[in-house]
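Have a look at the fold before reading on.

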Amino acid sequence: MRALPQVIRGWVEGASLDEIRQAATFDLLTGRFEVPDNNPADVIASQWQWLLKDADDADWPQYQALIESAHAEPKLRGLYPYTSHWALGFSNTPVYPFSPPFVSIHSPRGTGDYTIREWGSGPVLHQVTTAAEAVAIAVGRIPADLLRTPPEIPAQDS
């Protein structure tokens with residue numbers, strides 16, 4: 001917490017994100033807001049990079065395998081990944097509200113399996129033992145209209 005005033009002062013005074021990151025002694029930036037022009041493809045790529053880092057830091061091999069497997073699949077990598085309660089979902093736009101859910105992949109800690117639902121708390125569609133199987137099911141459920149080019153991201157209020 002001691003670094004927080006210095007981080008805030010840097011932000012207010014127009015320090016670069018790299019300068020702010022150096023001043024912060026804690027994880028501060030997710031990467032999403034490091035995309036200066038809000039290009040949707042770059043925001044999606046940035047979110048994937050953050051999820052890969054988060055999964056690596058989570059000390060949860062099953063969750064890490066899920067994120068890495070999903071990222072390795074080009075059809076999913078082109079979608080905006082988001083998590084809620086450690087469940088992985090996808091949207092064709094990085095702007096909330098996200099596109100309607102087509103799959104939510106849960107990797108409950110300690111269970112050794114993956115649960116696929118249509119949405120976060122929806123009924124269980126499949127239960128599989130590997131991240132690769134879960135990702136293959138997710139790819140098979142992608143609606144054709146979800147793979148269209150994402151819309152522009154509105155400018156962030158300063």
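Strands count as paired here if DSSP finds at least two bridges between them. Helices (H or I, at least four residues) and strands (E, at least two) are DSSP runs, numbered from the N terminus.

A word on the source: this is a predicted model, in which local features need pLDDT of at least 70 and side-chain atom pairs count only at pLDDT 80 or more, while totals for chains, interfaces and linings use all residues. Residues are numbered from 1 along each chain as its sequence is written, and side-chain values use heavy atoms, with hydrogens and water left out.

**Strands and overall layout**

E4 also pairs with strand E5 (residues 124-128), again in the antiparallel sense, over 4 bridges. Within that pairing, Ile 116 sits opposite His 126 in E5. With 6 residues between them, E4 and E5 form a hairpin.

Zooming out, the protein has 6 helices and 5 strands, and along the sequence they follow the pattern α-α-α-α-α-β-β-β-β-β-α. Of its 158 residues, 38% count as buried; buried means under 20% relative accessible area, exposed over 50%, and partly exposed in between (1.4 Å probe, protein chains only). Take the contacts (heavy atoms within 4.5 Å) between residues at least 6 apart in sequence: 41% of them join residues at least 24 apart. The accessible surface comes to about 9,300 Å², and 54% of that belongs to carbon and sulfur atoms. Those areas come from the Shrake-Rupley method with a 1.4 Å probe, and for residues only the protein chains shown count as cover.

**Salt bridges**

How many salt bridges does the structure hold? There are 2, each meaning a side-chain nitrogen of Lys or Arg within 4 Å of a carboxyl oxygen of Asp or Glu.

| Pair | Closest N and O atoms |
|---|---|
| Asp 57 and Lys 53 | 2.8 Å |
| Arg 141 and Glu 118 | 4.0 Å |

Asp 57 and Lys 53 both belong to helix H3 (residues 40-57), where they are 4 residues apart, about one turn of the helix. Asp 57 is partly exposed at a relative accessible area of 48%, and Lys 53 is partly exposed too, at 40%.

For the other salt bridge, Arg 141 with Glu 118, Arg 141 lies in the segment after helix H6 (131-140) and Glu 118 in the loop between E4 and E5, so the pair ties together parts that are 23 residues apart in sequence. Arg 141 is partly exposed at 30% relative accessibility, and Glu 118 is partly exposed at 32%.

Most residues other than glycine have a negative phi, and most peptide bonds are trans. Against that background, which two residues does a cis peptide bond join? They are Tyr 96 and Pro 97, with omega at about 5°. Pro 97 is in the loop between strand E2 (87-91) and E3.

His 85, though not a glycine, has a positive phi of about 55°. Its place is in the loop between strand E1 (80-84) and E2, and His 85 is exposed, at a relative accessible area of 76%. Trp 86 lies in the loop between E1 and E2 and also isn't a glycine, yet has a positive phi of about 70°. Trp 86 counts as partly exposed, at 39% relative accessibility.
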